[in-house]
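Keep the view open as you read.

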Amino acid sequence: MGTDIGVTPVGGGDGTTEAPHRRRRWRPVTALAAGAAVVLAGGAVAVGVSSDGGAGESAGAAPLPPTTTTVARQTLVDRETKTGELGYGTPRALDTRYSGTLTWLAATGATVARGKALYRVDDEPVVLLHGSLPAYRVLRSGVSGRDVRQFEQNLTDLGYTGFTVDEDYTSATADAVRSWQEDLGVPETGQVEPGRIVYAAGTVRVASQGAEVGDAVTPGRAVLSTTGTTRLVTCTLDVDDQRLARKGAEVTITLPDGRRTTGRVGTVETVVQTSAGAAGQDPVTETKVEVSVTGDDPAALTGFEQAAVDVGFVAAQRADVLTVPVAALLALAEGGYGLQVADDTGTRIIAVKTGLFAAGRVEVSGDEVVEGLTVGMPGD
């Protein structure tokens, strides 16, 4: 027979201590938060466990639980919910490199495809092309580099021929450029100024206009802001939450009307945000993590132009583990937690090791913990 340890006796009404054979009382533990500490309800007597892991017989039989549950095997997922914005992503401002008069610009909400004009200065177009490398120099015969290959690929995709797509800008490339410039209605120089083209990953959507037709513009003036055309959710996280932003990780998206859908983490970028400080103080700079989430079912994200949504990130996950409701846990006087097992022989308390807390359940393990084990759900 094991020897009882950690049994807290109940005081008698006359100030004496009652004999240890009186029945022990307990209340269920309360989870303060997913993964947080678990505490015994105030005023309850902690349950003791004998040295062999079972309830000590000298303490008397434990009361029958008011209800029971069974130990279940499952994948336990702990989600953290953050607020995101449903839209088309973070807008990118487009600055002109020309001086002149703004004679036309694409309308807000319009989409602009490769080879089409984003805006016009002095009635000459600034054209969208596809690529990740910004235009940074004049392209002319004799220059070589990745930017040449990127531009020549666009020229080929627009239907111009007579040259080889490589890293060398040749006279053949210049001839094709003259044909392209003729179609655009700009001087046929055979060379490409960096201000004539804007690179983006694909077709863009005009998010807003930063100027009006007729405005005099100079280099550095923002005339448009653009986004991609795919509906997505953007979340701005604190650096401490960066662990949630795993590229490709699955998330849940809860829309304003209560509908739920799933998505995946796309791009993850570290950004620096600057906000105005208090009067007489310097601006406040914060480092944030900006996460874009694409929907598994794009149609599910339609119906809202812009809206705040809840995004459920997976903070932790444990596959194929044994779990019970958190309310089934008992706090043990000697430390740790236990379960009240109910079987044909009666009831007893066993010690268990706890793992992940999530969604009102907790991972449990121990020598006697098996799938299907019947355990009590202690009442108040």
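## An enclosed strand

Five of the seven residues in strand 16 (residues 232-238) are buried, so the rest of the structure largely encloses this strand. Buried here means under 20% relative accessible area, with exposed over 50% and partly exposed in between (1.4 Å probe, protein chains only). Helices (H or I, at least four residues) and strands (E, at least two) are DSSP runs, numbered from the N terminus.

This is a predicted model: local features need pLDDT of at least 70, side-chain atom pairs count only at pLDDT 80 or more, and totals for chains, interfaces and linings use all residues. Residues are numbered from 1 along each chain as its sequence is written, and side-chain values use heavy atoms, leaving out hydrogens and water.

## Its partners

Two strands pair if DSSP finds at least two bridges between them. Strand 16 pairs with strand 6 (residues 72-87) in the antiparallel sense, over four bridges, and E85 stands opposite T234 of strand 16. Strand 16 also runs antiparallel to strand 19 (residues 284-295), joined by seven bridges; there, C235 has V291 as its bridge partner.

## The nonpolar cores

A nonpolar core is a set of buried Ala, Val, Leu, Ile, Met, Phe, Trp, Tyr and Cys residues joined through side-chain atoms within 4.5 Å. The largest one has 20 residues, and F151, L155, Y169, W180, V192 and I197 touch the most other members. Strand 11 (124-130), helix 1 (146-157), helix 2 (171-184) and strand 12 (197-200) each give two or more residues to this core. Helix 2 gives the most, with five.

A second, separate core of 19 residues includes Y98, A106, V121 and L224.
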